[in-house]
Amino acid sequence: MADTTHTARSMWTLFEPIHAVTYFAPAARSAYEQAGLRGFWRGYYAGRAAPLGAAGAAVVTASFYTFAPAFVARAIPAVWELITPEQALRARMSGAVEALGGLLDGRESEVMAAADLLWQAVGQLDCAGRVLAAANAALPVPDRGSSDLARLWQAATVLREHRGDGHFAALTAADIDGCEAVALRCCLDLPREDLQPVRGWTDQEWDGALGRLADRGWISADGELTSAGRDAHAAVENATDHAAARPWTRLGPEANADVVKVLTPLALACASVLPYPSPVGVPAPGNAS
């Protein structure tokens, strides 16, 4: 079990940076602006929610889990008056491909090999109960050879949202709501001011979450994680890893080793434009604990 969950977490550190260029690389963010979506959050919500269709605020809030409902409602559903989901999907893909093209220039054979391997992993997924993963998995697959950067990004995205859906299920099973989840994370390794504003929670909501966490004995009076809080956080992460392990277990050690070998240099190149500690909690490539 330990080896299986460690493999799942290690793979996360490798495919997450490929996906995350869509949020942090200037070229990816520029693509949304060129499509008529000014401001980071319009592009974020339109791009990430587009596989769901023109979903309303309640559906997007539920699917994204850790964002304040009022924060989501500032962009959804109004963003669908500016762009259709189909147009948003084209913008996010063109931006991701442009970003990856700059970061992975000269690595075309590695990109093709990595895309092939990640799509093998995607083929082993079960998306039952995983709405964002299923919506992304249902999108057309870019052509091999002519669109390998797109294939790589889309495969990484399906795997990323599959893991994320499982993470939200683990949080739900642990009775940790969206605000509590990000507040708990901040007590671990991020300043409150780094994460609270970008998830949209008010001071009252945040302080309420801290109070509930304190009542459970997970944080101390000075806002530090207690040993019980660290254990609770670790239990959620372990449950997430376990729920994400199926494709790597089915592929087997030899194929997994190939994924690590091919994907690591690509992940390191993409990680150069990402912040660490990451707001989504992923360790830097190769540093899974």
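Where does proline 77 lie? In this predicted model, proline 77 is found in the loop that runs between α5 (69-73) and α6 (85-103).

## Cis peptide bonds

The bond that joins isoleucine 76 to proline 77 is a cis peptide bond, with omega at about 10°. As background, most residues other than glycine have a negative phi, and most peptide bonds are trans.

## Residues with positive phi

Tyrosine 65, in the loop between α4 (57-64) and α5, has a positive phi near 70°, although this residue is not a glycine. Its relative accessible area is 17%, and tyrosine 65 is therefore buried, since the cut-off for that class is under 20%.

Aspartate 175, which follows α9 and sits in the loop between α9 and α10, also has a positive phi, near 60°, in a residue other than glycine. At 56% relative accessibility, aspartate 175 counts as exposed. A positive phi, near 80°, is found as well at glycine 217, which comes after α12.

Helix α9 (residues 148-173) is made of 26 residues and reaches 38 Å from its first C-alpha to its last, close to the 38 Å expected at 1.5 Å a residue. The helix is mostly covered, with 21 of its 26 residues buried. Histidine 162 lies in α9 and, at 4% relative accessibility, counts as buried. When neighbours within four places in sequence are left aside, the contacts of histidine 162 are Leu125, Asp126, Cys127, Arg130, Ala133 and Ala243.

Valine 141 lies in the loop between α8 (131-137) and α9, where it is partly exposed, with a relative accessible area of 46%. Apart from neighbours within four places in sequence, valine 141 is in contact with Trp119 and Gln154. Valine 141 and alanine 155 are 14 residues apart in sequence, and their C-alpha atoms are 8.7 Å apart in space.

## How α10 and α12 cross

The axes of helix α10 (residues 178-189) and helix α12 (residues 203-215) come within 9 Å of each other and cross at roughly 75°, so the two helices are roughly perpendicular. On the α10 side, the contact is made by Cys179, Glu180, Val182, Ala183, Leu184, Cys186 and Cys187, while α12 contributes Glu205, Trp206, Ala209, Leu210, Arg212 and Leu213. Sorted by class, this contact has 10 nonpolar and 3 charged residues, and no polar ones.

## The two sides of α12

The 13 residues of α12 should span 18 Å at 1.5 Å a residue, and this agrees with its end C-alpha atoms, which are 18 Å apart. Which residues of α12 are buried? They are Trp206, Ala209 and Leu213, and, seen down the axis of α12, the buried residues fall within an arc of 60°, so they line one face of the helix.

What covers the buried residues of α12 includes α10 and α11 (192-199). The face of α12 that is turned away from its buried side carries the exposed residues Asp203, Gln204 and Asp215.

Technical notes. Residues numbered from 1 in each chain as written. Predicted model: local features only at pLDDT ≥ 70, side-chain atom pairs only at ≥ 80, totals over all residues. Heavy atoms only, no water. Axes fitted to C-alpha atoms, helices over the stretch in contact; angles between N-to-C directions. Helix = DSSP H or I, 4+ residues; strand = E, 2+ residues; numbered from the N terminus. Parallel < 35°, antiparallel > 145°, perpendicular 65-115°, else oblique. Contact = heavy atoms within 4.5 Å. Nonpolar A, V, L, I, M, F, W, Y, C, P; charged D, E, K, R; others polar. Expected span 1.5 Å × (residues − 1). Buried < 20%, exposed > 50% of the residue type's maximum accessible area, 1.4 Å probe, protein only. Arc of directions from axis to C-beta.
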